[in-house]
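This report covers one protein model, residue by residue and then as a whole. Please keep the structure open while reading.

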Amino acid sequence: MTTRYALYIAPPAHSELWRFGSEVLGYDAETGADVPQLVPPSCEAGGFRALTEDPRRYGFHATMKPPFRLAEDRDADALVGALHDFCAGRAAFRLPRLEVRAVGADSDGNAFLALVEPQPTPELVALERAIVTGFDAFRAPLTDAEIARRRPERLSEEERENLMRWGYPGVLSRFRFHLTLTGRAPAAAVPGLVAELSALHAERVSEPGLLVDQIALFVQDRAEDPASRFVVRERVLLV
């Protein structure tokens, strides 16, 4: 049985933003339970359920250290201890109010929907770099199968280098903060989904920009099982 860990930014569990994201996905990673799904008006419930199937496995989050298996000489308690030490020396900061946008568009215009910053925040860029590099000793090397799943032949040279060195292509200079809301949507549906999810976000989230005051450790047991989901193991406050 394979267990994977990940270090994420996840809005506080009591916040409007956490509730919004969890309801869009239909899953609350804090409790590990399904919740009634918030479906955009133009969508059929079953179709939107299918569109959010992949991000629902991971819970509502923005990736800092992508999912990894523990190195043989490390254990979960050591990882938790290192996270507490790391957060004790880091100051909280606030992002500007997030916006729903299409990200990761392919050549046909099919794209994911996510909440993103209107412009990059330097403190966030620095935090991601520190987490990616500072926790890499806890990450087991990728297997050949894990490398193949990333389709390295489709990656840029820099992304391939990131994959081999850090275990994931979209890190460091390729990092783009996003709180994922859907899987890849057909190009024709993207503009409508952006508009409807933006309206739902404005209606349900009155909070100002996200306060980054904690790092969440998520855990996925039985990673080989397609039904296995990530859950929050611990949230550690920044100072």
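L172 counts as buried, at 15% relative accessibility. Buried means under 20% relative accessible area, exposed means over 50%, and partly exposed lies in between (1.4 Å probe, protein chains only). L172 sits in the loop between α7 and β8 (179–180). Helices (H or I, at least four residues) and strands (E, at least two) are DSSP runs, numbered from the N terminus. The phi of L172 is positive, about 55°, although L172 is not a glycine. Most residues other than glycine have a negative phi.

R151 also has a positive phi, near 50°, and is a residue other than glycine. Its loop runs between α6 (144–149) and α7 (157–166). R151 is partly exposed, with a relative accessible area of 38%.

## Basis of the model

The model is predicted: local features need pLDDT of at least 70, side-chain atom pairs count only at pLDDT 80 or more, and totals for chains, interfaces and linings use all residues. Residues are numbered from 1 along each chain as its sequence is written, and side-chain values use heavy atoms, with hydrogens and water left out.

S22 belongs to helix α1 (residues 16–25). S22 is buried, at a relative accessible area of 2%. Setting aside neighbours within four places in sequence, S22 contacts Y27, D28, V35 and F60. Contact means heavy atoms within 4.5 Å.

L70 lies in the loop between β4 (62–68) and α4 (76–88). L70 is buried too, with a relative accessible area of 19%. Residues up to four places away in sequence aside, L70 touches Y5, D75, A76, L79, F138 and A140. The C-alpha atoms of L70 and D136 are 9.8 Å apart, while the two residues are 66 residues apart along the chain.

## E30: a partly exposed loop residue

Where does E30 lie? E30 is in the loop between β2 (27–28) and β3 (33–34). Its relative accessible area is 34%, so E30 is partly exposed. E30 touches A13, W18, V232 and R235, not counting residues up to four places away in sequence.

E30 and S42 are 12 residues apart in sequence. From C-alpha to C-alpha, E30 and S42 are 29 Å apart in space.

## Second largest pocket

The second largest pocket holds about 200 Å³ of space. Of the 15 residues that line the pocket, E207, P208, G209, L210 and L211 are the closest to its centre. On a 1 Å grid over the protein atoms alone, a pocket is an open set of points where a 1.4 Å probe fits, with protein on both sides within 12 Å along at least five of seven lines; lining residues have an atom within 4 Å of a point. Grid points are joined across faces, edges and corners, and the volume is the space filled by probe spheres set on the points.

The lining divides into eight nonpolar, three polar and four charged residues. Ala, Val, Leu, Ile, Met, Phe, Trp, Tyr, Cys and Pro count as nonpolar; Asp, Glu, Lys and Arg count as charged; the others, Gly among them, are polar.

## Whole protein

The protein has eight helices and 11 strands. The radius of gyration is 17 Å, close to the 18 Å from the globule rule for 239 residues, so the protein is as compact as a globular protein of that length. The radius is taken over C-alpha atoms, and the rule is 2.2 Å times the number of residues to the power 0.38. The C-alpha trace spans about 50 × 40 × 35 Å along its principal axes.

Of the 239 residues, 46% count as buried. Among contacts with a separation of 6 or more, 75% join residues 24 or more positions apart.
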